[in-house]
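Dear colleague,

I am handing over the structure below, together with a short account of what was found in it. Please look it over first and then read on.

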Amino acid sequence: MNLKLEGRVAAVAAASKGLGRATALELAKEGAGVAICGRDQERIAEAAQAIEHASQQHVLAVVADLSTHQGCLDFVQKTVQHFGQIDILVANAGGPPSLPAEQVVDEQWRAAIDLNLLSTIRMVYAALPHLKQSDQGRVIAITSVSAKHPLDNLILSNVTRAGVLGFVKSMANELGSSGITFNAILPGWTRTGRVEELLQSLSAARGISAIEVEQGITAGIPAHRMGTVGEFAATVAFLASQRAGFINGVALQVDGGHSAGLL
Ligand code: NAD
């Protein structure tokens, strides 16, 4: 399937590693010009170079802290200054800390809202004038299955991700005639470096091997395995494509069937 991403420009936030990086690579391989951002100059430059090498597409590396308003604006503005356009915005960020619900303090709520809710809103508002000029404007927000299926000890994620779904659906409804589509993807367990580290720390805490920890997790997933970053990135690329032009306002789990409900 030709996704027709040649000549398109994608801004993929928080992409020095993990899901963001894999997504940036997939979009670049499909022919899009890509801008990526992260907080650390060296790490984001390394990611850009590796993606360029693998895709033969030009990649712009931007240093930006997405927990700040200015960082979100900088990422979008530098992308537009460099490429002259922005067609696809992939709003991603690092996850909030895991904490028991009653222990979370105000400062932690504010930090999570900044990083995992307001970053999406800020980037979308900054990108909107440019997306409106595209005939294939796409906003894809990366959230988590916790947005539909709240997980214990992840209240910061549960609440902020649900907020992102509300924002995405509202934008899809109110700007439905603009030609821009607004969708959210909800990853389930997907093997990234962060997940590998988590398996190791759970293994040490529980006194069992990392493989046993993983087996305990995947036993609850109908696919009986974790997803790959490639599978995740391919989903983003499809939603970013012309072929997905009539998909608007959805919250799509990519979780091997892990989410138990009907919606
Ligand atoms: P990751 O930790 O591997 O990557 C996160 C990226 O975000 C890194 O590039 C990091 O540098 C960047 N980042 C973090 N804080 C930032 C900030 N303030 N400004 C700019 N960049 C920042 O995580 P991942 O596994 O790729 O997950 C990406 C998102 O998807 C996270 O929000 C995570 O919670 C969510 N998620 C992941 C999984 C999974 O299984 N991997 C499942 C559900 C949800």
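With 263 residues, the protein chain would have a radius of gyration near 18 Å if it were a compact globule, and its value of 18 Å agrees with that; the radius is taken over C-alpha atoms, and the globule rule is 2.2 Å times the number of residues to the power 0.38. Please keep in mind that this is a predicted model, in which local features need pLDDT of at least 70 and side-chain atom pairs count only at pLDDT 80 or more, while totals for chains, interfaces and linings use all residues. Residues are numbered from 1 along each chain as its sequence is written, and side-chain values use heavy atoms, with hydrogens and water left out.

The C-alpha trace of the protein chain spans about 55 × 40 × 35 Å along its principal axes. Its secondary structure comes to 8 helices and 7 strands, taken as DSSP runs (helices H or I of at least four residues, strands E of at least two) and numbered from the N terminus. Of the 263 residues, 47% are buried, where buried means under 20% relative accessible area, exposed over 50% and partly exposed in between (1.4 Å probe, protein chains only).

A search of the whole structure finds 8 salt bridges, each being a side-chain nitrogen of Lys or Arg within 4 Å of a carboxyl oxygen of Asp or Glu. One of them joins D87 to R8, with the closest N and O atoms 3.7 Å apart; because D87 lies in the loop between α3 (69-83) and β4 (88-91) and R8 in the segment before β1, this pair ties together parts that are 79 residues apart in sequence. D87 is buried at 3% relative accessibility, and R8 is buried as well, at 14%. R8 also meets D135 in a salt bridge (2.8 Å, N to O), and this pair links R8 to the loop between α4 (106-133) and β5 (138-142), 127 residues apart. D135, by contrast, is exposed, with a relative accessible area of 65%.

Another salt bridge is formed by E214 and R191 (2.2 Å, N to O). E214 belongs to helix α7 (residues 210-218) and R191 to the loop between β6 (181-187) and α6 (193-206), so the pair ties together parts that are 23 residues apart in sequence. E214 is buried, with a relative accessible area of 18%, whereas R191 is partly exposed at 32%.

With kind regards
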